[in-house]
Amino acid sequence: MTRKLVIHLLTITACFLLFSISMLYFERYLFLIPLGMLGLFGQCYFTYRFTKILLTEPK
């Protein structure tokens, strides 16, 4: 795996954790709702980039 793919995987994991934690505690802390949205958007974006790199990388 290239370094880019590893960084994308770590970023996808971090965004998923941000989304999960914000959805668990959004009733107590309302500022977590926009952070959860950013986490979900980030997860989608970096998953798209990850798969794009995998599909265009020569084998």
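Predicted model: local features only at pLDDT ≥ 70, side-chain atom pairs only at ≥ 80, totals over all residues.
Residues are numbered from 1 along each chain as its sequence is written, and side-chain values use heavy atoms, leaving out hydrogens and water.

**Exercise 1.** Work out how many helices and strands the protein chain has.

Solution. Start with the DSSP runs: helices are H or I with at least four residues, strands are E with at least two, and numbering goes from the N terminus. Count them up, and you get two helices and zero strands.

**Exercise 2.** Compare the radius of gyration of the protein chain with that of a compact globule.

Solution. Take the radius over C-alpha atoms; the globule rule is 2.2 Å times the number of residues to the power 0.38. For 59 residues that rule lands near 10 Å, but the protein chain has 14 Å. Next, look at the box that the C-alpha atoms fill: roughly 50 × 15 × 10 Å along the principal axes.

**Exercise 3.** Decide whether Leu 18 is buried, partly exposed or exposed.

Solution. First, find Leu 18: it sits in helix H1. Then grab the cut-offs: buried is under 20% relative accessible area, exposed is over 50%, and partly exposed is in between, using a 1.4 Å probe and protein chains only. Leu 18 has 35%, so it's partly exposed. Finally, zoom out to the chain, where buried residues make up 19% of the 59 residues.
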